[in-house]
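Hi everyone, thanks for having me.

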Amino acid sequence: MLDLDLVYRLQRADSAAYAELCDRFGPRLHGFAASRLAGDGEIARDAMVQALVDAVRNIRRFNPRKATFSAWLYGIARRQIGLAQRRQRRKGSVPASAQISIHSLSDLPASENVADDLANRLDAKQQVALLAESLTALELEVLNLHCVEELSMKEIGRVIGRSEAGVESVLYRARQKARERLAAYAD
Amino acid sequence: MLTDPLDQHLAAVLKAARPAPPPGWRSQALAAMSVVRPRRHPNLVTIIVVTLILLALAAGAYAAARFLLEGTLQVGSAVSSSGQAAAGHYFEVATRVYRDGLEWHTVEPSMPRYLARRRISPDGKTQAFDRWGEPGVPWPPQELDIHRANPDGSQEVNLTRKAGLGGVNCHPVWSPDGSVIAFAHVDLGTYKWPCYARFQLWLMNADGSAARRLTPQGSPCCNAWGAQWSPDGSSIRSNWEDLVTGMATEAFTVDVQTGRLQALPNVGVSAVWSPDGSRIASICYEPGTVRGKVGWWNKLVLTNADGSHPRVLVQQFIADADVVARYCQGIGKPPDDYDRLADVRRYAGPSFPAWSPSGKQIAFLAALPYDPDGANYKCQIEVWVYDLKTDELARITHDDLWQTGVRWK
């Protein structure tokens, strides 16, 4: 309901709605973009901003009978991420999967125990890097949408253009691989 | 809500690995969003309706502009369809007609009342025409000469006299580059009216010099009408002529340099090269019988430049009986002249094709089908255009005049 209310206000170009859209979905979209772009914060930010702009521009095209607002928004973000990746490839930059994203640790959140946070995030990044070695980009993307964004199978299918059964199949393989990889990491 | 421990672990790891948005992302996003307004997207019905309207407008515009894009048809409408003049003497009352690119016109009132057939040079700066001497003296046996003059008639020069040619010289045709004039020539001694003369094709330079015979010795009689240069100026196409009937028969080309003759099978009369020289449109006549009536098929035929691959574009059967009936209705008396009947027959079907400048369309003349009980007793001849791309036939003129020629401008 909140999403639909937001949509209604966005369609009327309500500036408060713009801010709400930004606050509610900006960090999530940025995180989603960063996960696809291997932590390249600048490019992920640009993709996130462009996704928000596209969402506002095309808000009248959103049809709640076809998809939830989140799924529609992630679909837009996914297209922007794809464009950013193509731009990266054209520029001949280092492949996103090969980038070391330690530099992004500089944007640490305020915390009393900076050393613990740093250790946790470094550990998490190492685990994600291991997952990225075993999982395909699509499997990693589905894992993100399922575990982090908590989208349903149907919504994920809408975002990536697959059927519900197809998403379940991809997710099953992703979880199998992740389980094996994380077990090896723990050892 | 994630219940599986693996999912929960993965969620924690993936979330922790994600970087926070760079500083200033919110203001940047809001600034970018503030200049954007939601677009109004037309619904499907609107799109379909607008598309249909645009298609209809485009189709209408295309149909209207088709002939304008191809060129303007210049139609000679010289005489009324009342009969007498139309039956063979049309040029005597003509004021301005065009026939197969050849312009017939009466001379200015200040000049003797004779007829001139003139051809404007390709550069438009001069004209060549044949003219016989004194008014009132029948032709033949007068000598006929080819003259050259400015378009306004000034600075007239008798080219064939200058070249020392006597006899009958007529139907000048400019080469594509305007440097040479082809014409029909016959000595007076071999010309015996009403029998037909042994015309041959000759060439001379545009200034009247270097007149020479083109068709080799021993050639059959050339039809004086309708010689045409190939677009590249390398050869001339014409027809042989039946000395008994005076009708054009087989088509041929003659090489301008060598004088070598080459027959053009499947090519009839009034043949015209397409602008690129790759095809020839012509009129072929073929005897036939339809529903017990004996007559002739008049066919507009398209062939390759060598006469191969004939394709009949338009055909019309003209019954001899209808020709006679039409003639009688036109002039109010039985026919007494084979020529005039043949003329009516020739005009009744497709005749005098003319290529559009792009080579996509062919204009031609043809009478409406004969209807003894209807209103078509006048045998009005109309201009039609055949579209080679769409195979569509369109009637261009709808007036009560005897169209005597058509050409594209």
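Over all chains, the structure holds 19 salt bridges, where a salt bridge is a side-chain nitrogen of Lys or Arg within 4 Å of a carboxyl oxygen of Asp or Glu. Before we visit some of them, some housekeeping. This is a predicted model, so local features need pLDDT of at least 70 and side-chain atom pairs count only at pLDDT 80 or more, while totals for chains, interfaces and linings use all residues. Residues are numbered from 1 along each chain as its sequence is written, chains are lettered from A and ligands numbered from 1 in the order in which they are written, and side-chain values use heavy atoms, with hydrogens and water left out.

Let's begin in chain A. The side chains of A:Arg9 and A:Glu20 form a salt bridge, 2.4 Å from N to O. A:Arg9 sits in helix 1 (residues 2–11) of chain A and A:Glu20 in helix 2 (residues 15–36) of chain A, so this pair ties together parts that are 11 residues apart in sequence. Helices and strands here are DSSP runs, numbered from the N terminus: H or I with at least four residues for helices, E with at least two for strands. A:Glu20 is partly exposed, at a relative accessible area of 23%. On that scale, buried means under 20%, exposed over 50%, and partly exposed in between, with a 1.4 Å probe and protein chains only.

Now over to chain B. B:Lys299 and B:Glu286 meet through their side chains in a salt bridge of 3.2 Å, N to O. B:Lys299 belongs to strand 18 (residues 293–304) of chain B and B:Glu286 to strand 17 of chain B, so the bridge links parts 13 residues apart in sequence.

One more pair: B:Arg311 and B:Asp391 make a salt bridge of 2.7 Å, N to O. B:Arg311 is in strand 19 of chain B and B:Asp391 is in the loop between strand 22 (381–387) and strand 23 (392–395) of chain B, so the pair ties together parts 80 residues apart in sequence. B:Arg311 is partly exposed at 34%, and B:Asp391 is partly exposed at 43%.

Next, the sheet. In chain B, 4 strands make an open sheet in the order 16-17-18-19, with antiparallel pairing; two strands pair if DSSP finds at least two bridges between them. Strand 16 (269–273) and strand 19 (311–319) of chain B stand at the edges with a single partner strand each, so one side of each has no neighbour in the sheet. How many bridges join strand 16 and strand 17 (residues 279–290) of chain B? There are 3 bridges, in the antiparallel sense. Look for B:Trp273, which stands opposite B:Ile280 in strand 17 of chain B.

Please turn to helix 3 (residues 44–70) of chain B and find B:Leu54. B:Leu54 counts as exposed, at 52% relative accessibility.

Finally, the whole of chain B. Chain B has 7 helices and 24 strands. Buried residues make up 48% of its 409 residues. Among contacts in chain B with a separation of 6 or more, 44% come from residues 24 or more positions apart, a contact being heavy atoms within 4.5 Å.
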